[in-house]
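Reader: I would like a close look at a single part of this protein. Please keep it brisk.

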Amino acid sequence: MGWTKACAVDALAPGDRQVVKVGDRKILVLNEAGSLYAVDNTCPHMKLPMKSGKVKDCTITCPFHRSSFDLKTGEVTNWTPFPPVVGNLLGKISPPKAIAVFPTRIEDGNVWVEVEGV
Ligand code: FES
């Protein structure tokens, strides 16, 4: 396990997000209404980037097939609902998978992310 400096706290105001590379992973670090979260930037459905996913009520929604994940636990709250019909078929081919989430902390004016194996 290892803590990696993601960015300066000042660079992550409420509503902001950044993608940081940690080892060979890309981690999406975001500030949602003053709370920091870090999730894998790769959607567990088809490995597409989560960077522009909508965030609401502690949930992030993939911009592609709109799977949604709890920002605290990574659990699936909705699986591939989009586009209608096709999304449901895609969801049946690939069973729901949680997104990886990572602990965060603030120290010395920076946001840190803990990623196992780094
Ligand atoms: S790639 Fe994210 S839901 Fe399909």
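How many bridges join β10 to strand β11, and in which sense do the two run?

Author: First, the ground rules. This is a predicted model, in which local features need pLDDT of at least 70 and side-chain atom pairs count only at pLDDT 80 or more, while totals for chains, interfaces and linings use all residues. Residues are numbered from 1 along each chain as its sequence is written.

Now the pair. Four bridges join β10 to strand β11, residues 110–115. The two strands run antiparallel. Strands here are DSSP runs of E with at least two residues, helices are runs of H or I with at least four, and both are numbered from the N terminus. Two strands count as paired if DSSP finds at least two bridges between them. In general, strands of a sheet pair through backbone hydrogen bonds, either parallel or antiparallel.

Look at the individual partners. Ile-106 stands opposite Val-111 in β11. Arg-105 has Trp-112 of β11 as its bridge partner. The two strands form a hairpin, with two residues between them. Asp-108 sits in that turn and has a positive phi of about 55°.

β11 also pairs with β1. Six bridges join these two strands, again in the antiparallel sense.

Four strands form it in the order β2-β3-β4-β9, and the pairing is antiparallel. Its edges are β2 (17–22) and β9 (101–102), each with a single partner strand, so one side of each is left without a neighbour in the sheet. Inside it, β3 (residues 25–32) and β4 pair over six bridges. Ile-27 stands opposite Asp-40 in β4.

The loop between β4 (35–40) and β5 (54–56) holds Lys-51. Lys-51 counts as partly exposed because it has 14 C-beta neighbours inside 10 Å. On that scale, a residue is buried with 20 or more other C-beta atoms within 10 Å of its own, exposed with 12 or fewer, and partly exposed in between, with C-beta atoms placed from the backbone. Leaving out residues up to four places away in sequence, Lys-51 touches Val-19, Leu-28 and Asn-41. Contact requires C-beta atoms, placed from the backbone, within 7 Å.

Finally, the whole protein. It has one helix and eleven strands. From the N terminus on, the elements run β-β-β-β-β-β-β-β-α-β-β-β. The radius of gyration is 14 Å, close to the 13 Å that the globule rule gives for 118 residues, so the protein is as compact as a globular protein of that length. That radius is taken over C-alpha atoms, and the rule is 2.2 Å times the number of residues to the power 0.38. Of the 118 residues, 28% count as buried.

How values were computed
Contact = placed C-beta atoms within 7 Å.
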